[in-house]
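This briefing is meant for a reader who is coming to the structure for the first time. Please look over the sequence and the structure shown here before turning to the notes that follow.

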2 protein chains.
Amino acid sequence: MRHIAESTIRRLSLYLRFLEEFEQGGISTVSSEELAQRGGTTSAQVRKDLSFFGSFGKRGLGYDVHELAERLRQIMGLGREWKVIIIGAGKIGTALAAYRGFRERGFSVIAVYDSSPDKIGGKVDGFTVRDIRNLSRDAQREKPDIAVLTIPAEGAQEVVDRLVASGIRAVLSFAPAQLQVPPTVALKNMNMAMELESLSFALTNQD
Amino acid sequence: MRHIAESTIRRLSLYLRFLEEFEQGGISTVSSEELAQRGGTTSAQVRKDLSFFGSFGKRGLGYDVHELAERLRQIMGLGREWKVIIIGAGKIGTALAAYRGFRERGFSVIAVYDSSPDKIGGKVDGFTVRDIRNLSRDAQREKPDIAVLTIPAEGAQEVVDRLVASGIRAVLSFAPAQLQVPPTVALKNMNMAMELESLSFALTNQD
DNA sequence: ACATGTGAACTGCTTCACAGCG
DNA sequence: CGCTGTGAAGCAGTTCACATGT
């Protein structure tokens, strides 16, 4: 497949959410203009984004809400269940483990890990916190798809290296660190400090 | 000032973190190439990013770590304390209220709000959870700089409208919704579902 | 008539490459 | 000589505008 821009993927994810809202609202047809307004973009952008994957609309009419939603789910790989492990049983890790929204969208937490003896063996939302030293062994057996890192920046690279060696292919990191992974592994960062600093810049430099 | 790209701001935030690590490590001089390697970019990119704000380096030598860090803090508006309120005393809101890293970087949580009678009046990391109905009144008195939204998508727009009316100028939203704000208000989203779906796409479409 | 799908034009970010200066 | 600072070139993502199909 031709290379797809990250920004396109993020918009597809948005469109899908809107389509699901329309589905629930009983709306059966939608135009690129309507999707664009909801998503804060333009109708041409919506059509271009979709055009990378095919032609899903009817000229003069628009898109069938249910059909387009189904296509997007297929494109995004959301027709299946992804096995997620959470590394770090601190506040954020615990909050994520308890978050029901993930499962609804096909992301199932299967285990929570930590390195602290205080946490290992304890319960987090029904999961017994596992010793991070068993990560590689477990990963080879259970083959998780996505690892979510909710650990401090120090040591994060070491854990990522271990995950990669165990065959993980996708990582979502909350650690405020720039992690190195081979090009075969997908890595996304959620860096709250960076977002707050962006806001600080905006506040400082807006009139 | 000439318009600065969001991507540039995010990199400056990265560079600053690296510089602070170098400062702690006792390294006094750094080249654009060294910053680039750490940040996964190129030396030309680093120099271009900095060039929007001035010339901070010495030709043939590089940048003074301490001086450049100071300049970046100034550019990003990190020389002062920003007052942060957290809206939503659920798992994520509670985790953020307790996170010490924010204060260290100049972001001080001054209050936590919720709409649930179960939560209002309770304690979250030393803060008495306030009734969200008092948000406007409090905001006018306390003038928070940044609101962090950790509430469900439903109702998020209404809360944002209230915040905007109360004079807030920066919002960091964890709600999986596309919020509308006037152009005078800076808005950043942290959308975990979107990041996970990006990873799902990558897993599905990588060979 | 209406809204899609898409080449072409445009905009803006990134990379190049080298002049400038310590 | 080495590394910065920066115009120019290159490239990627967005917007335009219209031919196409219903």
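Predicted model: local features only at pLDDT ≥ 70, side-chain atom pairs only at ≥ 80, totals over all residues.

In chain B, the loop between β6 (123-124) and β7 (127-128) holds B:Asp125, a residue that is not a glycine and yet has a positive phi of about 50°.

**Loop residues**

- B:Asp125 counts as partly exposed because its relative accessibility is 35%, a value that falls between the 20% limit for buried and the 50% limit for exposed.
- B:Lys143, which is found in the loop between α7 (135-142) and β9 (146-149) of chain B, is another residue other than glycine with a positive phi, in this case near 50°.
- With a relative accessible area of 56%, B:Lys143 is exposed, since exposed means over 50%.
- In chain A, the loop between β11 and α9 contains A:Asn191, which counts as buried because its relative accessibility is 9%.
- Apart from its neighbours within four places in sequence, A:Asn191 is in contact with A:Pro176 as well as with B:Arg17 and B:Met190.

**Surface near DNA strand D**

- By class, the surface near DNA strand D is made up of 11 polar, 8 charged and 5 nonpolar residues.
- Among the contacts to bases, a polar side-chain atom of B:Arg47 lies 2.6 Å from a base nitrogen of DNA strand D, and an N or O atom in the side chain of B:Arg59 is 3.0 Å from a base oxygen.
- B:Gly60 places a backbone N or O atom 3.0 Å from a sugar or linking oxygen of DNA strand D.

**The largest pocket**

- The largest pocket has a volume of about 1700 Å³, and of the 47 residues that line it, A:Glu6, A:Ser7, A:Arg10, B:Arg10 and B:Glu195 are the closest to its centre.
- Both chains contribute to the lining, with α1, β11 (186-189) and α9 (192-205) of chain A and α1 (6-24), β11 (186-189) and α9 (192-205) of chain B each supplying at least two residues.
- By class, this lining has 20 nonpolar, 16 polar and 11 charged residues.

Key. Residues numbered from 1 in each chain as written. Chains lettered and ligands numbered in written order. Heavy atoms only, no water. Polar contact = N/O pair within 3.5 Å; in protein donor to acceptor, adjacent residues only side chain to side chain. Nonpolar A, V, L, I, M, F, W, Y, C, P; charged D, E, K, R; others polar. 1 Å grid on protein atoms, 1.4 Å probe; cavity = no way out; pocket = protein on both sides within 12 Å on 5 of 7 lines; lining within 4 Å. Points joined across faces, edges and corners; volume = space filled by probe spheres on them. Helix = DSSP H or I, 4+ residues; strand = E, 2+ residues; numbered from the N terminus. Buried < 20%, exposed > 50% of the residue type's maximum accessible area, 1.4 Å probe, protein only. Contact = heavy atoms within 4.5 Å.
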